[in-house]
Amino acid sequence: VPYDYDLIVIGSGPAGERGAAQAAYFGKRVAVIEKEPKPGGAAVHTGTLPSKTMRETSIFLSGYRHAHLYGLHVALDPEQAVPKLLSRKDTVINEEVDRILGNLDRHRVSLLHGKAHLVDAHTVEIATPSTLEGPRRATGEFILIATGSVPHRPSHIPFDDPDIDDSDTILRIDRLPTSLTIIGAGVIGCEYASMFAALGVKVTLVEPRAELLSFLDAEVSEALRLGLIELGVDVRLLTAAGEVRREGDLIVTELRPSDPSAAPSTVATDKLLFCAGRSGATASLGLEALGVVLGKRGAVEVDANYRTNIPSIYAAGDVIGFPALASTSMEQARVAVCHAFGFDYKRQVSELLPYGIYTIPEVSCVGLSEEDAKARGHEVAVGRAHYRDNARGRIIGDTTGLVKLVFDKPSRKLIGAHCVGDRATELIHIGQSLIMTCGTLDTLVEMVFNYPTLAECYKYAAYDALGSVRQGA
Ligand SMILES: Cc1cc2nc3c(=O)[nH]c(=O)nc-3n(C[C@H](O)[C@H](O)[C@H](O)COP(=O)(O)OP(=O)(O)OC[C@H]3O[C@@H](n4cnc5c(N)ncnc54)[C@H](O)[C@@H]3O)c2cc1C
């Protein structure tokens with residue numbers, strides 16, 4: 001056997017774990033190299049799971065979902081909140097680490113500990129933390145780079161200040177701030193803004209663009225903006241953050257409105273969270289020396305099969321850039337591995353990607369927004385169903401939720417689904433299934449839904465769209 005392994009995977013996040021398991025499932029000899037003491041990557045340790053767990057804890061502790069239904073006032077002790085936030089997060093992280101270790105073990109994947117860099121197109125050098133062991137080398141027929149991404153840290157932000165955080169360090173907070181400025185209203189910025197606001201922190205969210213999450217349907221983006229304002233977030237759109245400096249106990253951020261006639265101002269808060277972008281974790285992998293082409297912000301360039309310009313080297317997950325989600329990272333890695341070994345299995349990542357945004361309220365979408373559908377020349381029929389008109393919505397007390405469906409009018413096919421409100425990230429998969437199976441407005445009208453359910457909103461949104469289809473007929 002010319003190589004130590006059939007596949008060497010660098011990184012044990014969602015991409016690394018799933019890529020490794022896929023190859024091992026088909027009988028390949030696989031090693032995963034991880035520099036951190038525990039596997040899981042950003043998804044488990046600094047990103048997806050901790051932020052979603054903290055969100056769920058903050059919703060529970062603040063009584064956000066139900067307290068108002070029973071006239072209860074939840075007085076949150078800020079001293080108690082942080083230990084509870086952190087301990088629940090740690091429990092979930094530890095359980096997930098155990099699951100990953102079990103999965104790698106079951107697939108007989110070797111987990112090697114150390115920091116990897118590439119020596120040539122088939123050889124990886126692993127620097128181990130223990131100087132006694134010294135670096136070791138391993139060879140593989142194929143190498144999958146799944147090293148993820150790191151928060152972008154521009155030099156003008158003084159990250160050495162203990163009250164200035166990025167999305168990694170915010171998870172180590174030891175106290176609940178009274179006020180927080182968040183620079184960057186991307187998915188991560190919006191999620192943390194709503195979570196902290198639910199806990200009673202006074203949040204200012206600063207974003208140079210004109211709307212929140214511009215990839216969303218405009219109506220849903222606006223519903224999110226109103227939801228954040230309702231929570232008490234001071235949403236500053238069309239505003240760039242300028243200089244950030246400490247003044248006494250506070251962090252002062254210069255706010256520069258994009259309207260030149262509006263005067264610049266400042267906001268002074270207890271803490272600042274900077275979350276405007278991430279960069280591919282490629283800095284010390286030795287890729288440039290091998291001639292692997294890198295793009296913007298250190299992202300590895302790959303073709304449709306996730307192969308780099310070096311035939312034995314593939315890359316998947318955050319390290320290749322957009323869309324940089326745990327959900328897509330896993331699929332990309334599976335596709336990469338199937339292509340490398342020629343398995344007659346997954347050939348491409350579905351083009352129909354769902355987006356889940358765990359803000360309060362929750363937001364999710366799949367397919368085309370109304371604006372995108374029109375821009376692509378579709379004649380559209382749009383239907384809406386509000387949670388306030390839905391029995392389950394009223395039972396759980398979510399009166400602002402919305403399901404919006406976009407149909408192609410001539411064919412009556414569903415081409416976009418958009419939800420804002422409780423369980424939106426779960427509900428969206430009904431729309432995704434229908435779009436993938438070419439379901440139409442009539443499919444929804446015919447379906448019998450459990451009653452009472454939020455899912456039933458799909459049926460009523462279809463009836464609503466039917467009105468506009470009939471009018472046009
Ligand atoms: C705050 C936050 C919230 C998020 N929420 C969501 C969400 O709700 N849903 C969603 O789908 N996605 C979410 N994401 C994105 C998600 O976390 C990432 O898309 C996902 O983790 C990417 O997986 P990956 O395997 O590509 O990389 P990672 O998970 O980053 O894993 C990379 C691994 O490689 C290791 N590594 C790096 N360099 C080396 C080296 N040289 N040698 C050895 N090991 C190395 C790292 O230590 C790490 O363990 C969120 C991200 C953040 C930051």
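In which order do the strands of the open sheet with antiparallel pairing lie, and how many strands does that sheet have? In this predicted model, the sheet is built from 3 strands in the order β12-β13-β14. The briefing below takes up that sheet together with Thr266, which is placed in β14, then a parallel sheet of 5 strands, and finally the second largest pocket, with a volume of about 610 Å³.

**The antiparallel sheet**

- The sheet β12-β13-β14 is open, and its edges are formed by β12 (239–247) and β14, each of which pairs on one side only.
- Direction ignored, neighbouring strands of this sheet are turned by 25° against each other on average.
- Between β13 (residues 250–257) and β14 the antiparallel pairing extends over 5 bridges, and one of the residues concerned is Val252, whose bridge partner in β14 is Ala268.

**Thr266 in strand β14**

- Thr266 belongs to β14, which covers residues 265–269, and Thr266 counts as partly exposed because its relative accessibility is 46%, a value that falls between the limits of 20% for buried and 50% for exposed.
- When neighbours within four places in sequence are left aside, the contacts of Thr266 are Arg245, Val252, Thr253, Glu254 and Leu255.

- Helix α5, made up of residues 187–198, lies across β9, β10 and β15 (271–274), and the helix runs at about 165° to β10.

**The second largest pocket**

- The lining of the second largest pocket comprises 26 residues, and those that lie nearest its centre are Tyr64, Pro361, Asp398, Thr399 and Thr400.
- Two or more lining residues are given by each of the elements α3 (48–62) and α6 (218–231), with α6 providing the largest share, 7 residues.
- Sorted by class, the lining of this pocket has 10 nonpolar, 7 polar and 9 charged residues.

Key
Residues are numbered from 1 along each chain as its sequence is written. This is a predicted model: local features need pLDDT of at least 70, side-chain atom pairs count only at pLDDT 80 or more; totals for chains, interfaces and linings use all residues. Side-chain values use heavy atoms; hydrogens and water are left out. Two strands pair if DSSP finds at least two bridges between them. Helices (H or I, at least four residues) and strands (E, at least two) are DSSP runs, numbered from the N terminus. Contact means heavy atoms within 4.5 Å. Axes are lines fitted to C-alpha atoms, for helices over the stretch in contact, and angles run from 0 to 180 degrees between N-to-C directions. On a 1 Å grid over the protein atoms alone, a cavity is a set of points where a 1.4 Å probe fits but cannot get out, and a pocket is an open set with protein on both sides within 12 Å along at least five of seven lines; lining residues have an atom within 4 Å of a point. Grid points are joined across faces, edges and corners, and a volume is the space filled by probe spheres set on the points. Ala, Val, Leu, Ile, Met, Phe, Trp, Tyr, Cys and Pro count as nonpolar, Asp, Glu, Lys and Arg as charged, and the others, Gly among them, as polar. Buried means under 20% relative accessible area, exposed over 50%, partly exposed in between (1.4 Å probe, protein chains only).
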